[in-house]
Amino acid sequence: VCAGVCGCCWALRPRYKRLVDNIFPEDPEDGLVKANMEKLTFFALSAPEKLDRIAAYLSERLTRELNRHRYGYVCIALEAMEQLLLACHCQSINLLVESFLSTLRLLLEADRPHLHILATNSFVKFANIEEDTPSYHRSYDFFVSRFSEMCHSDHEDPDMKIKSVILLMRQNFERHLNSLSVQLHSSFLCCCCVFRHLDRHSLWEGRGFAVRCFQIIMFSIQSQHSHLVIQQLLGHLDANSRSPASVRAGIVEVLSEAAAIEVTGSVGPTVLEVFNTLLRQLRQSVDYQLTGYYDNAGKHKTTSVHEKTLQDAVIRTIGSFANTLPVYQRSEVMLFIMGRIPVPGIYPALGSSNLLTALPSSFLEPLLSFTLMEDPEIRLLVLSILTSLIDRHQNAARIPTVRFYVQRSLLCGFLPVQHAQRLYRHIYLACKEENNGSNHYKALFSLMAVLSVELLNEEVLVDLIRLTLALQELGTSNQESLSFYNRCSLHAVCAAFFHLLSQLGPPPPLHQHVAQVIESRWKEAPHLLPENLWLPKGDLKVDKASLFVQSKICEALTGSSYSAQCERINTPYTPQLMGKCTTDTSQKLIFCFSNN
């Protein structure tokens, strides 16, 4: 009688419950009853309004089996939920998701590692389901936090360690960060979890994984919130001020990549904070380089090579962020940067400034004055920053090979003559500094090369030809108190620049003259070439065949589009002091910061 009553009660249960019960076999080892699962799926698709009740009952069954430690049935219940998720249409999937995520949370909170793996694999399947629109009401805070903890699992059985979660975070952040982006506190949580993981596993070094993580984050969140990620990275960089240079450089590289993803001008209210933080790190790195330690206690050693790598990364990142700014901000930001280059007692502080009201003279004179400082490290730093900011198409990285394809700008009509002459004059004077080293000459060549590419037109190239011939004369003359090494370096800079220039479009005769001079140097004076810069014994003697000749260059350009400029080439370059700039405000150093 009792059995009959139970059977009668079972028959009175709602149909969806009977269908759910029928998918469970008598022996869990037999797995999901496929025929009955097909019936349940057909019913769910035919009556989508019942999906939420089906999911809730499946979750209830799973919880009951979990409490009874009947893990075979737990797996069957979860598999059924996964199949329903995959079978349902996009518009009805939300009816299942709440119960499904609650179930996964229950499994992740259990003390059984194999259940953690089960839930993790199930979440991966869910993450790969395409939806028409993101569901911003969902919260994934628990999963981000839990998966971050699982990355550090120290379970005694190596097979049960949850190292696969790293792959999960890498591949599936993109899926659930769409929902996180509308909840600002969740964005902060996400960054904090990533920071924690990268810190604990020393993943800032090597750059690849850290950059990929934040590329996913930057592409996933809404653009108006991207500056919040930048703020978090800046704060983390400051928090790691006393970490090894490789860690600091890794964070800076991530910042640089984040800047490249940013929508133009979307740095927002953090614009000065970005440059202030980077410059603070730059000054600090220089201090560490001088002391040999990256902490105040003198316990942790660093090297010049490591700190120089960081400094180069900071300079590149400054350039990356500058290129995200609208034109009207860029010259003033450079003024802000130059006001914070450390030159105690030599040049007055430039003070605070308004981002909307910079005149070219207020920017250019302080900037170029720094290229003539007595301290060689400061000169080198300023040359590197200036080159990075001018080089908007990353041509500087290709310069060492000389033969390269360049991305050319359309800026030639925007370079005021007075600005150009100021720049040429300071390049010439910077080449005369007696304590220049090889890095200074490399930086000066890079600056000239980037200028020739970014401002590619006939007038600019002729000016640079005149400047280079003047530098050759400087290296040949005995009137200047330059060392033997300085003179050889100047000739090497001239050879490298003329070789580059001959690739940029002037007629073939110029290329032939340059090739002849370089060939002569290979045979008779290899110490005048950048690849073989060494010091022979005795006085520096340069044969005429090893010199670039002004008249031959002029002759080579005759009959080409450069013909109108030949008269200027015959006029030797002489640096002159420039008067006060009266250029209109609309010509604000566009050659440094213009958009494409």
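1. H5 passes H6 in a left-handed crossing, meaning that the near helix is turned anticlockwise from the far one by less than a right angle (clockwise would be right-handed). The model is predicted, with local features needing pLDDT of at least 70, side-chain atom pairs counting only at pLDDT 80 or more, and totals for chains, interfaces and linings using all residues. Residues are numbered from 1 along each chain as its sequence is written, and side-chain values use heavy atoms, leaving out hydrogens and water.

2. Helix H5 (residues 71-87) packs against H6 at an angle of about 150°, and their axes are 11 Å apart. The two are therefore roughly antiparallel (angles over 145 degrees; under 35 is roughly parallel, 65 to 115 roughly perpendicular, the rest oblique).

3. In the contact (heavy atoms within 4.5 Å), H5 contributes residues including Leu-78 and Met-81, and H6 contributes residues including Phe-100 and Leu-104. The residues of this contact comprise 10 nonpolar, two polar and one charged (nonpolar: Ala, Val, Leu, Ile, Met, Phe, Trp, Tyr, Cys and Pro; charged: Asp, Glu, Lys and Arg; polar: the others, Gly among them).

4. H4 (residues 51-67) also packs against H6, at about 15° with axes 7 Å apart. H4 and H6 are therefore roughly parallel, and their crossing is right-handed. Among the residues that meet are Ala-55 and Ser-59 of H4 and Leu-95 and Leu-106 of H6.

Conventions:
Axes are lines fitted to C-alpha atoms, for helices over the stretch in contact, and angles run from 0 to 180 degrees between N-to-C directions. Helices (H or I, at least four residues) and strands (E, at least two) are DSSP runs, numbered from the N terminus.
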